[in-house]
Amino acid sequence: MSDTVILNNNDMVISKTSVSVLFAGDSGDGMQLTGTQFANTVAVYGSDLNTFPNFPSEIRPPAGTVAGVSGFQLQFGTTGVYTPGAKFDVMIAMNAAALKANLKNLHHGGIIIADSEGFDAKNLNLSGYGETNNPLEDGTLTDYTVFKIPVISLTRQALADTGLSTKIIDRCKNMFVLGVLYWLYSLPLETTIETLQSKFKNKQDIADANIKAVKAGYNFGDETEMFSQHGRFRVPPAQKKGGVYRRVTGNEASAIGLAAAAKKAGLELFLGSYPITPASEILQTLAGLKKWGVKTFQAEDEIAGILTSIGAAYGGALAATNTSGPGLALKTEGMGLAVILEVPLVIINVMRGGPSTGLPTKPEQSDLLMAMYGRHGEAPMPVIAAMSPVDCFYAAYEAAKIAVEYMTPVLCLTDGYLALSSEPMLVPSPDDLATITPVFSPERKADEPAYLPYKRDERGVRPWGIPGTPGLEHRIGGLEKQNETGHVSHDPENHALMTRLRAEKVAKVADIIPDLTIDNGPEKGDLLVLGWGSTYGAIKKAVEQVREGGLDVAHAHLRYINPFPKNLGAMLGNFKKVLIPENNCGQLLSLIRDKFLIEPVGFSKVQGLPFNEMEIEEKITDILKEL
Amino acid sequence: MTDTHTCLTAKDFTSNQEPKWCPGCGDFMVLQQLKNAMAELCLKTEEVVVVSGIGCSSRLPYYINTYGVHGIHGRAMAMASGLKAARPDLSIWVGTGDGDALSIGGNHYIHTVRRNLDINVVLFNNEIYGLTKGQYSPTSKVGLRTVTSPTGVVDYPINTIALTLGAGGTFVARVMDRDGKLMKEIFKRAHNHKGTSIVEIYQNCPIFNDGAFGAFSDKERKDDTTLHLEQGQPLVFGANGSKGIHLDGFKPTVIDLEKSGVSKDDLWIHDENDLIKANILSRFFDDPNSTEEFLPRPFGIFYVEDRFTYEQALDAQIDKAQEKGEGTLEELLAGNSTWTIN
């Protein structure tokens, strides 16, 4: 991060390559909205961007307390933005509790923009600082650059002539703060103004007041000496590929990926689902896509979620279900049925901390072995893991393609971190998306040979003979079936054969998945950092930084976990050591050791928190010292 | 069903699989009447799907020459619901039992009933677990001695009809396995009813629970213990129609028509569209084997309601959303808010 100081119109402008910002306030302060506005502005400005919301886990925690702090974290910049940022450069603290809850994650020397009116005696008491210990005054923050702004007073002043009630004016205070931040980072106000105009298009006075507050905040920055001595910053836009962009969270991307796959395949999308944190937004997003013919079915439980989907798949729909750990546990019997029926089905599992209810709002990668093996009987199914919010789109899309073309359930793993994080997505053109070709059986005439629902093609895939098609009437079920005919069979040799055929079909998916490539670093060397899923950003950043520091380390990231890419074994053989960081106790490590008989170095973090790049850098450095 | 093709016969609905039910099992009658009804309804084999869970009754799909899918224990109604939501054009029949539908699948049962998807549920109630060899079921009578209740069942049994009405059922019927004629007629009505049709069948299991319904099927007793519901007709039962049911406020009482001199016209007249009366009828649940004073067990159609189906409502929402045309893939990918980088 090379910071350049430029003097410009008497303003001191410091150029930065990336900045991490936290908006923190009481859950009633509108921090999610304010952070989203800022994110939209930098996105349109052309920055790279990654955001992550941090809600209180209770619906209505007591106002003013640490438990009630709501945060919205984002990182934006010119290059190197892969995560919402491990630590913040800037923190907006709307009250004392917000500061107390988050100060530990502010970089030393970082900037605090504090609403000084949120540090009154009442707020200080509620926050736990105590009314006599105001951190803004008592020297606690000498290591930081602190801007104390009486936000409510200034907002009231600015909006005094609007004729609106004090209550409504006070609600504009977050827009005032946003304006200050736009000034500080030399960002334009247009995106926010346009959003406010359209959001309040039937309430012009409210729109005007909010716009006035943003402008007042911006002007406050311009006119106040407090800021001019410190200067302002400029973060040049990223060198992004030209095109149309949208911002997506991982869950939105998963939903759109499924809907896009259905459209591309010419199928109807059916989602059977039961609400569960942090996966519900997939159901919510798809429920709003009726214009695209999407059918969502909020089932009575997780089991019905998958069983309704299996019914729809049997009927010829692109069927999917989504859930998180506890729900996946309930769906396991259904997954086994989908395996033996050999119907296409996508199961999106948004992983969270477990076991049991565990940490519902916190991410973890601890369902990998369950995804691989969590079914009774020999029941293999393809497993794909998304590695970024945007990649949730492609992972869901590819899962659907494999499901439909291989007549198999596919597990698509994301997690709570990807699900809620957002980043800009280059909108693909429909032609850029891979084709998806269902294997429907055509109508059969009476004089043609009997229909064989389990007669496989050269890839081992059975045909999809859907009800309503004359001549294909057949009966199938969860009982083991005779090869080709699908009739119930308890024959020992036949069961061995069918078990093998089902496994071979899944293994053959490797024929269409791309080879694993080195994301960064040499093809051969001392250390390969092998990641999967949401650790991508942190590992990428860490490897970039150690490489800048002269260490010769490589990074590869697995998206296809079952089957593995064909070249994985060869790639692992090219490195003296393999490091596998994962948010579990070594599950990918077990799979790799089992399959390739090597002993990788594991690096576990099971705190309900994603890795930060510093932790991984440190681990890499330690390993290289031992080599 | 318009007759645009030559109607098939019951034989055309017979699959090439030999039923693997015990000799004398009540399931054979259900299978036969189902095929008869499908033929008389002039259904095509390709438009019918028989869905089932696990249990003796859930073998049903294998024996009917239509599409069929045999799922997992308790989940037939969930699977059928997804299939119907995705494919409203199909005629979907669920074969399920008292264990499958009311025990392990109880949750799916009540929610399917309230959603009112247009599916026909044939609920084989034999008050026992047959396939697993004789454990008691949620409809077993208190005191029944089985392998898992050697000293008698202490679970109070489910009243299927009352449960179904409570869950918002729109077509609720009961029939005895031996009464093939009524069964076929009820299956046809169930098919023509747009909504979830529940047909409870008292099905004798000659191996593990033989005679469970003897009180209602034995020739010498059934006149006094059963009541046949006919739309618009007074509730009359007993040998030669000698008894009737009179509704005294909310209290049903048995009237001896010969002794009391009460006319049939003064009896309770069956109205299958009256939910309150259907609820009272559902509570005619006495066990004639354990009490001298009992109300007769009703058979026939308890209740029918014309209500929107789930799939109609869902399709209507989609049609409305697509009033100005279906969304394109381009629109889907772009979403509502985009920006351009040059």
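How far apart do the C-alpha centres of domain 1 of chain A and domain 2 of chain A lie? They lie 36 Å apart, in a predicted model in which local features need pLDDT of at least 70, side-chain atom pairs count only at pLDDT 80 or more, and totals for chains, interfaces and linings use all residues. Residues are numbered from 1 along each chain as its sequence is written, while chains are lettered from A and ligands numbered from 1 in the order in which they are written.

**View 1. Domain 1 of chain A against domain 2 of chain A.** The domain assignment of chain A, with bounds that come from an automatic or database assignment, gives domain 1 (4–234), domain 2 (246–432), domain 3 (439–512) and domain 4 (518–626). Contacts, defined by C-beta atoms that are placed from the backbone and lie within 7 Å, link 11 residues of domain 1 to seven residues of domain 2. On the domain 1 side, helix H1 (31–45) and strand E4 (48–54) of chain A each supply at least two residues, where helices (H or I, at least four residues) and strands (E, at least two) are DSSP runs numbered from the N terminus. E4(A) gives the most to this side, with five residues. The residues of this side divide into seven nonpolar, four polar and no charged, with Ala, Val, Leu, Ile, Met, Phe, Trp, Tyr, Cys and Pro counted as nonpolar, Asp, Glu, Lys and Arg as charged, and the others, Gly among them, as polar.

**View 2. A:Gln32 in helix H1 of chain A.** A:Gln32 is partly exposed, with 18 other C-beta atoms within 10 Å; on this scale a residue is buried if 20 or more other C-beta atoms lie within 10 Å of its own, exposed if 12 or fewer, and partly exposed in between. A:Gln32 touches A:Pro53, A:Ser70 and A:Phe72, not counting residues up to four places away in sequence. A:Gln32 and A:Asn54 are 22 residues apart in sequence and 8.7 Å apart in space, C-alpha to C-alpha.

**View 3. The largest nonpolar core, around A:Val346.** This core, a set of buried Ala, Val, Leu, Ile, Met, Phe, Trp, Tyr and Cys residues joined through C-beta atoms within 7 Å, has 265 residues, and those with the most contacts inside it are A:Ile310, A:Val346 and A:Cys412. Its largest share, 13 residues, comes from helix H15 (residues 389–406) of chain A. Among the residues that A:Val346 touches, not counting those up to four places away in sequence, are A:Leu258, A:Ala320, A:Ala396 and A:Cys412.

**View 4. The contact of chain B with chain A.** The contact takes 49 residues from chain B and 54 residues from chain A. H2(B) gives the most to the chain B side, with eight residues, and the residues of that side divide into 22 nonpolar, 20 polar and seven charged. Strand E10 (residues 243–249) of chain A and E12(B) run antiparallel and are joined by three bridges, strands being paired if DSSP finds at least two bridges between them. Within this pairing, B:Trp339 is the bridge partner of A:Tyr245.

**View 5. The hairpin of E9(B) and E10(B).** Strand E9 (residues 243–248) and strand E10 (residues 251–256) of chain B pair in the antiparallel sense over six bridges, and the bridge partner of B:Gly244 is B:Ile255. The hairpin has two residues between the strands, and B:Gly249 takes a positive phi near 65°.

How values were computed:
Contact = placed C-beta atoms within 7 Å.
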